[in-house]
Amino acid sequence: TFKPLVLKSGNQLRPAAPPDFAKDMQELKTFKQNFKTASLAYYWAARTGFDIWTELANQKIFEYRLDKSTPACVTIYTMLHVAIHDASIAIMDAKYAYWGIRPFQYDTTYQPLVSTPPFPGYPSGHATASSVAATVLQYFFPADAAFFQRNAQECADSRAYAGIHFRTDNETGLEFGKKIGTYIIDNWSKR
């Protein structure tokens, strides 16, 4: 029931329904955890994407010496946070439209590394929001596009490392987030 600020509705860009997760489940069950993957799983699980992406915006604003430009800072922070706001609405719309099952529900013998959130899995909220943030930030800092995309991919991968999302949840989230972020950028002045 929440109203997006730039998107026309929460279901405007909703992804297609999820497939059967048999292949994804097999991948999770055969995945070999190591220190790096566990560290990434805990890192992205312990903090919100909102915090991490705001810190990355802070870093780039400082690196590009925009911290003394109030209009630049306001524009960057506002577009980033409006995009994450609208993405949050779109994410929950899709999650509750499809009621995507979580790995531990698909196979009750499977034990995730971190606690599974108490809402549907498809698409991954972290992957979607990170892709939205990466898309918006690379609009302002195009020379750092690869840096932002790597962070969004790392976030998406971390959710599978944590055992709380299927690869499909994450891949769909990355695509979904890019669509939302692009829409926000393209329609910002029309709001």
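User: How many helices and strands does the secondary structure of the protein chain come to?

Analyst: Quick caveat before the count: this is a predicted model, where local features need pLDDT of at least 70, side-chain atom pairs count only at pLDDT 80 or more, and totals for chains, interfaces and linings use all residues. Residues are numbered from 1 along each chain as its sequence is written, and side-chain values use heavy atoms, with hydrogens and water left out. Helices (H or I, at least four residues) and strands (E, at least two) are DSSP runs, numbered from the N terminus. Here you get eight helices and zero strands, so reading from the N terminus the order is α-α-α-α-α-α-α-α.

User: What radius of gyration does the protein chain have, and what would a compact globule have?

Analyst: The radius is taken over C-alpha atoms, and the globule rule is 2.2 Å times the number of residues to the power 0.38. For 191 residues that rule lands near 16 Å, and the protein chain has 17 Å, which agrees. The C-alpha trace spans about 55 × 35 × 25 Å along its principal axes.

User: What share of the residues counts as buried?

Analyst: Buried means under 20% relative accessible area, exposed over 50%, and partly exposed in between (1.4 Å probe, protein chains only). In this chain, 48% of the 191 residues are buried.

User: How do I read a pair of aromatic rings?

Analyst: You look at the distance of the centres and the angle of the planes. Rings of Phe, Tyr and Trp (its six-membered ring) pair if their centres lie within 6.5 Å; planes under 30 degrees apart are stacked, over 60 edge-to-face, and the rest tilted. That gives eleven aromatic pairs here. One of them is tyrosine 43 with tryptophan 44, edge-to-face at 5.5 Å centre to centre with 90° between the planes.

User: Are those two residues buried or exposed?

Analyst: Tryptophan 44 is buried at 0% relative accessible area, while tyrosine 43 is partly exposed at 34%. Tyrosine 139 and phenylalanine 140 make another pair: centres 5.1 Å apart and planes at 75°, so edge-to-face. In that pair tyrosine 139 is partly exposed at 46%, and phenylalanine 140 is partly exposed at 22%.

User: Which residues do ring pairs link into a cluster?

Analyst: Trp53, Tyr64, Phe141, Phe147 and Phe148.

User: What lies over the face of phenylalanine 147?

Analyst: A charge sits over a ring if NZ of Lys or CZ of Arg is within 6 Å of the ring centre and within 35 degrees of the ring normal. Lysine 60 does this for phenylalanine 147, at 4.6 Å from the ring centre.
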